[in-house]
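Hi,

Here is the structure I promised to pass on.

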Amino acid sequence: MADMLSFLRKVWELARPYRVRLFLGVLAGAIAGILEPLVIAAFTAVFHLIFSPGTEPLSRHLKNVPQFVQDAIPQVVWNWLETARQALAGSAKAHPAAVIGLVAVIPAVMFLRGLFSYLNIYFLQWAAIRAITDLRVRLFEHLMNLSAGFFNATNSAELMSRITLDTTNLQSIIGNATAVIVKDPVTLIGLLVYLLLKQPKLTLISMVVMPLCVIPIAVYGRKVRRSAGSLQDHYAELSNVMSEAFTGNRIVKAYNLEPTVVERFRDTARKLIGHTMRIVRAMEIPGPLLELFGAVGVAFVFLYLAFAGGDRASYSDFLGFLLAIFSMYRPIKNLSRLQNNLVQARAASDRIFELLATTSTIPEPANPKPLSAVGKDIQFENIKFAFGEKPVLQGINLTVKAGQFVALVGSTGSGKTTLTNLLLRFYDPQQGVVRIGGIDIREVSTRELRNQIAVVTQETALFNETIRRNIELGRLGVSEAEIIAAAQHAHAHGFIMEKPQGYETVVGERGVAVSGGQRQRIAIARAITRNAPILILDEATNSLDAESESIVQAALEELMQGRTTFCIAHRLSTIQRADVIAVFEQGRIVELGRHAELLNRNGVYRRLYEMQFRTEPEEAK
Ligand code: DGT
Ligand code: MG
């Protein structure tokens with residue numbers, strides 16, 4: 001119960017900016033709810049007037065119309081009703097207009113009820129979709145500010161399903177629920193008051209079985225909650241299967257994995273069946289049960305009338321009574337679903353709010369220091385870092401002077417990329433400090449820090465946009481001339497111009513529409529436009545042929561002028577002129593020095609070097 005309250009409070013927080021429409025929607029719902037008994041009152045009044053206009057005063061005919069409505073009827077209308085009654089008592093043809101007007105009251109009240117029901121749902125949905133859109137944007141924004149570690153640990157397809165599916169669920173459920181939440185209780189109470197006022201005894205008789213209704217509602221509510229949660233999990237899993245299968249479709253094809261993937265999809269999809277059916281049962285069983293209870297109640301009333309006899313009500317009163325009883329089904333049914341709806345909404349929103357509560361493991365400093373990396377040394381002091389148990393980096397001490405060219409070499413998995421990730425503050429080290437110009441990078445806003453760094457990553461990532469845009473993303477708002485100059489430096493201009501659409505070529509999802517080497521050159525152009533004082537090149541030229549590599553290498557070396565550069569390379573030919581070469585082995589820097597020094601040392605570096613240049617070891621000397 002307390003959970004439910006805190007859930008409703010959160011929903012209210014979301015809806016608060018739209019409270020005016022929300023209020024209008026609630027108001028329209030209340031009016032529509034009140035109009036429901038009035039439809040019946042109007043119906044029975046007209047029925048009574050048509051079948052026994054008699055000589056009784058008008059108020060007798062209107063006895064089913066609540067007093068406050070009667071009081072609100074203006075004298076003109078009253079006179080006109082009286083005219084109609086008299087006409088009906090004699091001949092309807094005497095005053096046809098009055099009679100038609102009288103009968104028209106039924107569609108008129110019906111119209112009003114329909115109109116307000118519509119406004120009720122319209123306004124509430126108006127507020128719901130806006131509140132949900134805000135939530136969606138907030139969720140996405142929140143996720144975008146979470147750390148790299150979070151994205152490593154979380155499945156991206158699952159996140160997508162959170163943002164699209166769970167929020168959509170929440171919206172449709174809230175939309176449905178809000179329509180019910182106001183109108184139906186009002187209708188129900190209105191009808192009940194109407195019935196108790198007019199036919200207290202019959203009403204109570206018909207209600208004896210009503211308490212039984214609580215049972216199915218309570219029983220199914222719990223089941224729905226569990227199934228709704230599992231449904232969401234399975235949908236997330238389904239998106240995951242799909243996203244892997246679609247993005248990895250080349251491997252799926254090459255290895256004939258289609259049946260395997262389809263099988264996995266089928267298994268996951270089938271898991272949805274059981275839970276969906278449980279929800280269907282929970283939603284659909286209470287309805288007919290309630291109708292059954294209602295019918296049993298009415299049957300009791302007939303039995304009472306048949307056996308007790310006595311004060312049998314007049315036809316029209318009894319008609320009104322029956323109409324009112326049957327009109328109560330729909331709101332009761334809706335209210336019984338409401339509980340299930342709310343339970344499902346909570347299951348959907350629990351996850352959303354859970355995500356929103358996730359805090360970044362890379363905290364932003366409260367009072368960030370300004371940072372300009374130009375001319376500043378970079379220091380890694382006694383760094384220790386682990387993703388899990390086993391340290392990926394330990395005892396790292398490395399000072400890089402401003403403008404130096406540092407090469408990080410070493411076997412695969414030895415922690416080179418991870419070290420640059422620490423500089424980018426994708427993660428914080430468990431021990432030790434990274435400083436730029438003496439300032440701990442944790443005291444600088446990540447935004448400002450990353451503004452100082454241009455990076456070409458190992459897995460070149462392009463966005464599914466034009467080449468121009470991909471280059472421009474290095475620094476938003478750069479001029480056309482700069483984009484072209486960057487592309488020329490990256491040795492990309494030539495192949496770009498050969499494409500029919502030139503710079504407007506769309507590179508496809510993750511750059512599939514351009515070759516690996518082209519992708520890499522676009523990424524280098526992007527790094528060039530960034531024009532940042534620190535440069536990280538992680539295997540930046542590994543996809544290029546020897547000729548392009550040497551040209552791009554020349555361009556990169558030009559770019560390195562005056563910038564502090566971290567260059568990770570497996571091909572040692574590209575880093576021989578580095579100011580410092582750091583040799584990594586199992587998370588430690590085992591050798592540090594210039595090319596010639598390291599060769600002379602006869603250690604790890606020399607071994608690596610000789611393996612690559614086995615055919616021409618002479619050259620090394
Ligand atoms: P490379 O690119 O193959 O030459 O290797 P490095 O030296 O760039 O290796 P690095 O720094 O990417 O990875 C070092 C170790 O850390 C390796 O054992 C894999 C592990 N590792 C890297 N990234 C993650 C991650 O996101 N999560 C976990 N759990 N482990 C990671
Ligand atoms: Mg790497």
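Let's start at the ligand: a backbone N or O atom of Gly413 sits 2.8 Å from an oxygen atom of ligand 1, which counts as a polar contact (a pair of N or O atoms within 3.5 Å). The side chain of Thr417 has an N or O atom 2.5 Å from an oxygen atom of ligand 1, and for a polar side-chain atom of Thr418 the distance is 2.4 Å. On its own, ligand 1 exposes 630 Å², and the protein buries 63% of that (Shrake-Rupley areas, 1.4 Å probe).

Before I go on: this is a predicted model, with local features needing pLDDT of at least 70 and side-chain atom pairs pLDDT 80 or more, while totals for chains, interfaces and linings use all residues. Residues count from 1 along each chain as written, chains are lettered from A and ligands numbered from 1 in written order, and side-chain values use heavy atoms, without hydrogens and water.

Around ligand 1 there are 13 residues, and Asn152 and Gln458 are among the closest (near means a heavy atom within 4 Å). Helix α16, residues 416–423, gives the most to this shell, with three residues (helices are DSSP runs of H or I, at least four residues; strands are E, at least two).

As for the whole protein, it has 24 helices and 10 strands. Its radius of gyration is 38 Å, well over the 25 Å that the globule rule gives for 621 residues, so the protein is more spread out than a compact globule (taken over C-alpha atoms; the rule is 2.2 Å times the number of residues to the power 0.38). The C-alpha atoms fill a box of roughly 125 × 55 × 50 Å along the principal axes.

Cheers

Notes
A polar contact is a pair of N or O atoms within 3.5 Å; within protein, one must be able to donate a hydrogen and the other to accept it, and residues adjacent in sequence count only if both atoms are side-chain atoms.
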